[in-house]
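Here are a few exercises to work through with the model open beside you. Try each task before you read its solution.

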Amino acid sequence: MKAPQSSTAQLFLADTYYVLSNFDEAILSYQKAILADEKNKDAHYGLGITYVALAQIYSKKRPTTKVNISKVADFKKKARNQHEILSELDRVLADKLLPKL
């Protein structure tokens with residue numbers, strides 16, 4: 001079966017992976033949605049909240065280990081990047097993502 005190529009199809013797939021807590025696949029699908037349409041505000045928001053979710057997960061896993069501290073910082077940085085992009089595309093979604101950062 002061929003993977004969907006449209007931004008909308010990738011977004012739907014990514015949202016499904018997110019709900020199933022399959023965050024790695026969600027990230028890949030959100031990125032594919034953005035590649036298909038770089039102005040897909042919902043894909044940027046979804047990618048941002050996925051990074052926030054991963055930061056929260058890693059902050060609960062022995063947060064004092066260097067690896068987890070580094071991963072948390074990296075996920076937060078990536079989420080902030082999505083917030084900056086969203087600020088230009090859709091202020092309402094950007095404002096919705098901001099408290100989660």
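**Exercise 1. Find which residues of helix H1 are buried, and describe how they are arranged around the helix.**

Step 1. Ser 7, Gln 10, Leu 11 and Ala 14 are the buried residues in H1; buried means under 20% relative accessible area, exposed over 50%, and partly exposed in between (1.4 Å probe, protein chains only). Helices here are DSSP runs of H or I with at least four residues, numbered from the N terminus.

Step 2. Look down the axis of H1: the buried residues fall within an arc of 100°, so they line one face of the helix. The arc is taken from the directions that run from the helix axis to the C-beta atoms. An α-helix has 3.6 residues a turn, so residues three or four places apart point the same way.

Step 3. Now turn to the other side of H1, where Thr 8, Phe 12 and Val 19 are exposed.

Step 4. Finally, see what the buried residues of H1 pack against: H2 and helix H3 (41-60).

A word on the source: this is a predicted model, in which local features need pLDDT of at least 70 and side-chain atom pairs count only at pLDDT 80 or more, while totals for chains, interfaces and linings use all residues. Residues are numbered from 1 along each chain as its sequence is written, and side-chain values use heavy atoms, with hydrogens and water left out.

**Exercise 2. Work out what surrounds Ser 7.**

Step 1. Ser 7 is found in helix H1, and its relative accessible area is 10%, so Ser 7 counts as buried.

Step 2. Leave aside the neighbours within four places in sequence, and Ser 7 is in contact (heavy atoms within 4.5 Å) with Ala 33, Ala 36, Asp 37 and Asn 40.

Step 3. For a polar atom of the Ser 7 side chain, check the backbone oxygen of Ala 33, which lies 2.9 Å away.

**Exercise 3. Describe the backbone of Ser 21 and its setting.**

Step 1. Ser 21 lies in the loop between helix H1 (7-19) and helix H2 (23-36).

Step 2. Its phi is positive, about 60°, although Ser 21 is not a glycine.

Step 3. Ser 21 counts as partly exposed because its relative accessibility is 48%.

**Exercise 4. Is Asn 68 buried or exposed, and which residues does Asn 68 contact?**

Step 1. With 11% relative accessibility, Asn 68 counts as buried.

Step 2. Setting aside neighbours within four places in sequence, Asn 68 is in contact with Tyr 58, Lys 61 and Arg 62.

Terms used: Helices (H or I, at least four residues) and strands (E, at least two) are DSSP runs, numbered from the N terminus. A polar contact is a pair of N or O atoms within 3.5 Å; within protein, one must be able to donate a hydrogen and the other to accept it, and residues adjacent in sequence count only if both atoms are side-chain atoms.
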